Amino acid sequence: VRFPDGSTGEIEIIRHPGAAAVLPVLSAPADGDPQVLLIHQYRYAANGPVWEVPAGRLDPGEDPADCARRELLEETGVAAGRCERLTTIYTTPGFTDETIHLFAAFDLEPGAHQREQDEFMEVVPLPLSRVLGMIRDGEIKDGKTIATVLFFADFRLGM
């Protein structure tokens with residue numbers, strides 16, 4: 001690669017099609033402390049379960065909001081009546097071009113999950129205040145989940 005100063009070097013880059021993540025909001029934010037859904041998913045690389053928001057890779061040409069809705073249904077068995085875009089983040093720009101589009105989902109309806117063979121998870125409803133405490137206390141370590149929850153809590157709810 002050519003660096004900004006004109007010098008050249010070698011780096012490793014992983015190209016990624018992008019992803020979407022979604023915070024399912026069970027009760028309206030006007031309720032004070034909304035209930036949200038998180039998944040507690042086994043992650044081989046983390047050597048155990050990790051608290052996360054539902055998320056997944058974009059299919060070719062897929063709209064990020066459609067991906068968020070699809071992943072929400074596949075992983076939790078819940079369909080979103082409405083998805084609101086929060087922001088887009090780079091996951092680890094030191095070695096990948098992956099971006100994750102973050103959403104909040106509302107007006108949820110029960111459906112049927114369609115988990116993939118390698119997805120072992122429990123879907124857990126929690127008050128948002130508890131989730132914020134889990135972030136503060138280091139119980140939630142997943143970057144996309146932290147970014148999604150904090151963005152929603154601060155910029156949407158002002159908590």
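Biologist: Is Arg 70 buried, exposed or partly exposed?

Modeller: Keep in mind that this is a predicted model. Anything between the buried limit of 20% and the exposed limit of 50% relative accessible area is called partly exposed. Arg 70 comes out at 21%, so it gets the partly exposed label.

Biologist: Which residue does Arg 70 meet in a salt bridge?

Modeller: Here's the general idea: side chains of opposite charge can pair when their charged atoms come close. In this model, Arg 70 pairs with Glu 71, at 2.9 Å from N to O. Glu 71 has a relative accessibility of 4%, so it counts as buried.

Biologist: And which residues are linked with them in a network of salt bridges?

Modeller: Arg 70 and Glu 71 are joined by Asp 59, Glu 62 and Glu 74 in that network. If you search the whole structure, you get 13 salt bridges.

Biologist: OK, on to another one. Which side chain does Arg 82 meet in a salt bridge?

Modeller: That would be Glu 84, with N and O 2.8 Å apart. Both ends are partly exposed: Arg 82 has a relative accessible area of 34%, and Glu 84 sits at 25%.

Biologist: With which other arginine does Glu 84 form a salt bridge?

Modeller: Arg 156, where the closest N and O atoms are 2.9 Å apart. Glu 84 belongs to strand β5 and Arg 156 to helix α3, so this pair ties together parts 72 residues apart in sequence. Arg 156 is partly exposed too, at 38% relative accessible area.

Biologist: You mentioned β5. What is the order of the strands in its sheet?

Modeller: The order is β4-β1-β6-β5, an open sheet of 4 strands with mixed pairing. The edges are β4 (55–57) and β5 (78–90); each has a single partner strand, so one side of each has no neighbour in the sheet. On average, neighbouring strands are turned by 25° against each other, ignoring direction.

Biologist: In which sense do β1 and β6 pair, parallel or antiparallel?

Modeller: Parallel: β1 (residues 19–24) and β6 (residues 99–110) pair over 6 bridges. For a spot to look at, find Leu 23, which stands opposite Ala 104 in β6.

Note on methods: Residues are numbered from 1 along each chain as its sequence is written. This is a predicted model: local features need pLDDT of at least 70, side-chain atom pairs count only at pLDDT 80 or more; totals for chains, interfaces and linings use all residues. Side-chain values use heavy atoms; hydrogens and water are left out. Two strands pair if DSSP finds at least two bridges between them. Helices (H or I, at least four residues) and strands (E, at least two) are DSSP runs, numbered from the N terminus. Axes are lines fitted to C-alpha atoms, for helices over the stretch in contact, and angles run from 0 to 180 degrees between N-to-C directions. A salt bridge is a side-chain nitrogen of Lys or Arg within 4 Å of a carboxyl oxygen of Asp or Glu. Buried means under 20% relative accessible area, exposed over 50%, partly exposed in between (1.4 Å probe, protein chains only).
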